[in-house]
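The entries below follow the order in which I looked things up.

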Amino acid sequence: MITIAAAADLHLGLDSAGSFKAVLEGLDSSADLLLLAGDLTNYGDPAEARVFTDEIAGFDLPVVTVLGNHDYHAGAESEIRSILEDAGVTVLEGESVSVSCDGGTVAVAGIKGFGGGFAGASAADFGEPEMKQFVAHTKAAAESIESSLSSLEGDVKVALLHYSPIEATLRGERLEIYPFLGSYLLAEAVDRAGADIVLHGHAHTGAERGTTPGGIPVRNVAQPVLGHPYALFRFHRGRLSGDSDQDTADAS
Amino acid sequence: MTELGDEPVEYSVAHIKEALAADPHTAELHVEVQVKGSSVAVTGRVTTDERRNAVEEVIGRLYPGARIQNYIAVEVLDADPTVEDLS
Ligand SMILES: [Fe+2]
Ligand SMILES: [Fe+2]
């Protein structure tokens, strides 16, 4: 069995010290890795990223993250990335990583993604250069996640995004802002390349569960949506260690 | 300085939302704002007490005479995670 812990939208501020550390206690014995779907900081201040790295100091599991729009806000995303990497966190923006766990390999392709909206109500690559630029950013993210997922191998393949690939996990947000919360292009890319699960955040008042049109489970792991510091996803497959795991795998 | 009531309500709401997003002490995009007369009601959830208080300060700086009703909740996360089994 492989257990993935996932969360997003921590929005840590300078006054947040201690809040995430407290809930991570014991997680190293119940999960194999921690995936974060962006917005670790609130203002995108490097000092907030240091609050995060202090929170995970001494934490034993591999931590993989993408950045969110809040992590970009102050224009210090490169510095934030370095601070995270210096603390041993893997930051994905178009890259992928394979994590070898006791139960098998988890392969993660990650990128922030962007908005644009959903089928029938989406931004078109048309008109002013500013509009084309907006759409181009989303298209580039979709192409990137598709190509990195396509070349990934692992017992569990994860697409890690900040923006949503589908509408279902936005339910609860105001309809008018859906185009700022995600894009169908991300779903189309993931469906083409294949994955076992898509994790995202960003939609704080959205819903937890949905599926891409191609049938891949999508989970919004924003903390305000979960009502918990993180969610656990257990995959009963891969290299097996225990007898009970073996039974589950044989049946599937 | 513009006060609430000196301009159409929708502009006041927009100015407040913009200020809450731009101010480093709030950087909040997830607060809902309603304006009626000289009152502002804010709702939503933030992650810290300091940020909840900062919302009032930001609105107070923008509209010094505003009566602020702060209905923002500070996020309390249940320690037990949700567990989902996927095949
Ligand atoms: Fe967020
Ligand atoms: Fe976000």
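**Sheet across the chains.** I count two strands as paired if DSSP finds at least two bridges between them. Helices (H or I, at least four residues) and strands (E, at least two) are DSSP runs, numbered from the N terminus. With that settled, I looked up A:Arg234 and found it opposite B:Asp85 in β4(B). Strand β13 (residues 231-235) of chain A is joined to β4(B) by 5 bridges, and the two run parallel. I then traced the whole sheet. It is open, has 6 strands with mixed pairing, and runs in the order β4(A)-β3(A)-β2(A)-β1(A)-β13(A)-β4(B). The edges are β4 (90-91) of chain A and β4 (82-86) of chain B; each has a single partner strand, so one side of each lacks a neighbour in the sheet.

**Ground rules.** I note that this is a predicted model, where local features need pLDDT of at least 70, side-chain atom pairs count only at pLDDT 80 or more, and totals for chains, interfaces and linings use all residues. Residues are numbered from 1 along each chain as its sequence is written, chains are lettered from A and ligands numbered from 1 in the order in which they are written, and side-chain values use heavy atoms, with hydrogens and water left out.

**Inside the sheet.** I went on to β2(A) and β3(A), which run parallel and share 4 bridges. A:Ala37 has A:Val66 in β3(A) as its bridge partner. Next I checked burial: buried means under 20% relative accessible area, exposed over 50%, partly exposed in between (1.4 Å probe, protein chains only). Strand β3 (residues 63-66) of chain A is covered on both faces. A:Val63 and A:Thr65 are buried on one side, A:Val64 and A:Val66 on the other.

**Iron ion (ligand 1).** I took donors as N, O and S atoms within 2.8 Å of the metal (3.2 Å for Na, K and Ca); water is not among the atoms, so sites may look incomplete. The protein donors here are A:Asp9 (OD), A:His11 (NE2), A:Asp39 (OD) and A:His204 (NE2), at 2.0 to 2.2 Å. Their spacing along the chain is D-x1-H-x27-D-x164-H. The pair A:Asp9 and A:His204 links distant parts of the chain, 195 residues apart. A:Asp9 sits in the loop between β1 (2-7) and α1 (19-24) of chain A, and A:His204 in the loop between β10 (197-200) and β11 (209-211). A:Asp9 is buried at 1% relative accessible area. A:His204 is buried too, at 9%.

I wrote down the geometry rule. Four donors count as tetrahedral if all angles lie between 85 and 135 degrees; four count as square planar and six as octahedral if opposite donors are over 155 degrees apart and all others between 65 and 115; anything else is irregular. The 4 donor atoms of ligand 1 give angles of 89 to 175 degrees, and the site is irregular.

**Iron ion (ligand 2).** Which residues coordinate this ion? I found A:Asp39 (OD), A:Asn69 (OD1), A:His162 (NE2) and A:His202 (ND1), at 2.1 to 2.2 Å. The arrangement is irregular because the 4 donor atoms subtend angles of 89 to 160 degrees. A:Asn69 in helix α4 (residues 69-72) and A:His162 in the loop between β9 (156-161) and α7 (178-181) of chain A are 93 residues apart. Both A:Asn69 and A:His162 are buried.

I placed A:Asp39 in the loop between β2 (33-37) and α3 (46-55) of chain A. A:Asp39 has a positive phi of about 55 degrees although it is not a glycine. At 1% relative accessibility, A:Asp39 counts as buried.

**Helix α2 of chain B.** I ended on residues 49-62 of chain B. B:Arg51, B:Ala54, B:Val55, B:Val58 and B:Ile59 are buried in α2(B). Seen down the axis, the buried residues fall within an arc of 135 degrees (taken from the directions from the helix axis to the C-beta atoms), so they line one face of the helix. B:Asp49 and B:Glu50, on the other side, are exposed. The buried residues pack against α1 (9-22), β2 (39-46) and β3 (67-74) of chain B, where contact means heavy atoms within 4.5 Å.

Note on methods
The expected span of a helix is 1.5 Å times one less than its number of residues.
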